[in-house]
Amino acid sequence: MEKALEISKYLTEREADFDDVYEHADGTIEIPVSWGDWKHSHLFLKNLMIELGYIQVKEEETEENGSDCYSATHFFKPIN
């Protein structure tokens with residue numbers, strides 16, 4: 001839980017609008033993105049997480065309408 005709070009604070013400081021950050025027992029970090037633009041939301045999140053030392057291991061698309069915006073849940077693991 002401590003990592004989730006740390007990540008949430010970091011994202012807020014970077015003016016990233018990702019309200020929910022979850023930490024699983026195996027250390028996986030889960031962050032849902034609701035109707036975010038592929039570049040300004042989804043790619044931005046991936047880059048911020050790389051800065052924190054995490055790599056995306058999975059992305060589950062939850063909603064799409066054929067535009068540049070979609071909803072997905074991103075899963076990250078520590079790089080090392």
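This is a predicted model: local features need pLDDT of at least 70, side-chain atom pairs count only at pLDDT 80 or more; totals for chains, interfaces and linings use all residues.
Residues are numbered from 1 along each chain as its sequence is written, and side-chain values use heavy atoms, with hydrogens and water left out.

Start with the overall layout. The protein chain has two helices and four strands, where helices (H or I, at least four residues) and strands (E, at least two) are DSSP runs numbered from the N terminus. Reading from the N terminus, the elements go α-β-β-α-β-β. The C-alpha atoms fill a box of roughly 35 × 25 × 20 Å along the principal axes.

Now the sheet. The four strands make an open sheet in the order E1-E2-E4-E3, with antiparallel pairing; two strands pair if DSSP finds at least two bridges between them. Strand E1 (22–23) and strand E3 (54–64) sit at the edges with a single partner strand each, so one side of each has no neighbour in the sheet. H2 packs on the sheet and touches E2, E3 and E4, its direction making about 155° with that of E2. Contact here means heavy atoms within 4.5 Å, while axes are lines fitted to C-alpha atoms (for helices, over the stretch in contact) and angles run from 0 to 180 degrees between N-to-C directions.

Follow E2 through its pairings. E2 and strand E4 (residues 69–78) are antiparallel over seven bridges: Glu30 has Phe75 as its bridge partner in E4, and Gly36 has Tyr70. Two bridges join E1 to E2, and Tyr22 has Glu30 as its partner in E2. E1 and E2 form a hairpin with five residues between them, and Gly27 in the turn has a positive phi of about 90°.

Finally, the largest pocket has a volume of about 180 Å³. On a 1 Å grid over the protein atoms alone, a pocket is an open set of points where a 1.4 Å probe fits, with protein on both sides within 12 Å along at least five of seven lines; lining residues have an atom within 4 Å of a point. Grid points are joined across faces, edges and corners, and the volume is the space filled by probe spheres set on the points. The lining includes Asp17, Phe18, Val33 and His40. E2 supplies the largest share, three residues.
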